[in-house]
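Have the sequence and the 3D view ready to follow along.

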Amino acid sequence: VVVPFENKTGDESLDMLGQMAAEMITQGMSQISEIETVPFISVMDSYPQKKGKPSAFMVAAQDNAGILIAGSYYLQGEDLFFRASIIDAEHEKLIETPSPVKGSLKTPEEAIERLRSQILGALAFNFPYDVQAVQTYIPSFEAYKEYQTGREIFNSDFDKARSHFQKSVEIDSAFTIPLLWIAVSYNNQGQRVRADSIFDLINERREALPLFDRFLLDYFIAFNSGNRVKAMQFLKKA
């Protein structure tokens, strides 16, 4: 399990960078078939934004995770640094602390991509994992902020959430996941035809989605086509 990285920059506008780092690392880990990775959406359920945050070890225990990845990020001038730790969660024992990853504050997504590669490499070094090249897309930070804001209000206001998802796609057209949430929002409002057209579009770009989101996409396509048995199979996989 990967928990949101701690913001030590002193700049609250960069708070969401810690979530983005954790989610992108999680997506990379999910490509390793030999391990089970806790989906980031489950981590955020255990890690409320407005209330007191549980410790990283509490999150690991709630999700039955044996390996915990946590970290922080800080600034030195205009340079952004990420520091991660790979931990034996059950025994609270440090396995490895890779070297800090340096990047630019103007393009933090590039630093996150290097951080993800570093962690996957450390996992391959410490455990017998066959780590393949990671294909999931890392969006721009501005696009991710709009996407995450939409997710946070999704259950309370579909229209407002959808406006954030649409802005996210406008900022970074290669970022596919917000399109999935746009389609789901229309689906939840009973606009099935509109939703299905977007689901079909996303299905053509499905390789850009993390595995969890692919199962979610397949669930909605099957459900809306009337194949409830197949839909349930995809939902169970998700």
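## Where helix 9 meets helix 10

In helix 9, Phe 215, Asp 218, Tyr 219, Ala 222 and Phe 223 touch Arg 228, Lys 230, Ala 231, Phe 234, Leu 235 and Lys 237 of helix 10. Contact here means heavy atoms within 4.5 Å, and helices are DSSP runs (H or I, at least four residues) numbered from the N terminus. Sorted by class, this contact has 7 nonpolar, no polar and 4 charged residues. Ala, Val, Leu, Ile, Met, Phe, Trp, Tyr, Cys and Pro count as nonpolar, Asp, Glu, Lys and Arg as charged, and the others, Gly among them, as polar.

## About the model

This is a predicted model: local features need pLDDT of at least 70, side-chain atom pairs count only at pLDDT 80 or more, and totals for chains, interfaces and linings use all residues. Residues are numbered from 1 along each chain as its sequence is written, and side-chain values use heavy atoms, leaving out hydrogens and water.

## How helix 8 packs on helix 9

Helix 8 (residues 192–203) packs on helix 9 (residues 211–224) at about 135°, with the axes 10 Å apart. Axes are lines fitted to C-alpha atoms, for helices over the stretch in contact, and angles run from 0 to 180 degrees between N-to-C directions. That makes helix 8 oblique to helix 9; angles under 35 degrees count as roughly parallel, over 145 as roughly antiparallel, 65 to 115 as roughly perpendicular and the rest as oblique.

Helix 8 brings Arg 192, Asp 196, Phe 199, Ile 202 and Asn 203 to this contact, and the helix 9 side includes Leu 217 and Phe 220.

Methods. Helices (H or I, at least four residues) and strands (E, at least two) are DSSP runs, numbered from the N terminus.
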